[in-house]
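The sequence and structure are shown first.

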Amino acid sequence: CSPARQMLLDETPLFDPSLLQDLDWSSSTVSFSPPISPSCPGEGLVLRPLCTADFNRGFFKVLAELTQTGDVTAEQFLKKFEHMKKTGDYYIIVVEDTNLGEIVATATLITEHKYIHACAKRGRVEEVVVSNVCRGKQLGKLLVSTLTLLSNKLKCYKVTLECSSQNTAFYQKFGYKASAETYMQCRFFD
């Protein structure tokens, strides 16, 4: 049996949940009204690392509100999850509505190991999405704030993200600035 087949759809977290505790919220550049935090994201909501059971809690349904996900089997999900967990460089957080038992928001922080900046790490925030049914509850702000603070806690020398021009004002609230670098891509698949 492959490691993915041996793994179950359970509550195993992608990374140590304690990393989300004790983030230095005093350095956050955004405020929340009403106040929310990773430990208290709202009534009936829990912010935590992705776990394998989230495959059946609508994780891909939420991601599909952002982009194409394709048809992913449980085995493919488990294999990718195990790879991400083993590298220790992926920090996918989710917000679960415990009343519905469904994922309603998610975002990803990926750390890249570099030789530059004295062998430092760079953080990259990706795939920030809040379900249509939960927009307006400050969850997008909470996800981006959490991952930005986490990248600092992980000692990344910088954290970046890509966004459309219509979203730049949102990300500027967190201290993100447009850089002189030009984002270019070479796509192989849509």
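## A buried pair

Arg57 and Asp54 are both buried, where buried means under 20% relative accessible area, exposed over 50%, and partly exposed in between (1.4 Å probe, protein chains only). The two residues form a salt bridge whose closest N and O atoms are 2.8 Å apart; the term denotes a side-chain nitrogen of Lys or Arg within 4 Å of a carboxyl oxygen of Asp or Glu.

## Basis of the values

The model is predicted: local features need pLDDT of at least 70, side-chain atom pairs count only at pLDDT 80 or more, and totals for chains, interfaces and linings use all residues. Residues are numbered from 1 along each chain as its sequence is written, and side-chain values use heavy atoms, with hydrogens and water left out.

A salt bridge joins Glu65 to Arg135, with 3.7 Å between the closest N and O atoms. This pair links distant parts of the chain, 70 residues apart: Glu65 lies in the loop between helix 2 (59–63) and helix 3 (74–87), and Arg135 in the loop between strand 4 (121–130) and helix 5 (139–153). Helices (H or I, at least four residues) and strands (E, at least two) are DSSP runs, numbered from the N terminus. Glu65 is partly exposed at 31% relative accessible area, and Arg135 is partly exposed at 45%.

Lys158 and Glu181 also form a salt bridge (3.9 Å, N to O). Lys158 belongs to strand 5 (residues 156–161) and Glu181 to the segment after helix 6 (168–172), so the pair ties together parts 23 residues apart in sequence. Lys158 is partly exposed at 28% relative accessibility, whereas Glu181 is exposed at 59%.

## Network and total

Salt bridges with shared partners connect Glu11, Arg48, Asp54, Arg57 and Glu96 into one network. The count comes to 11 salt bridges.
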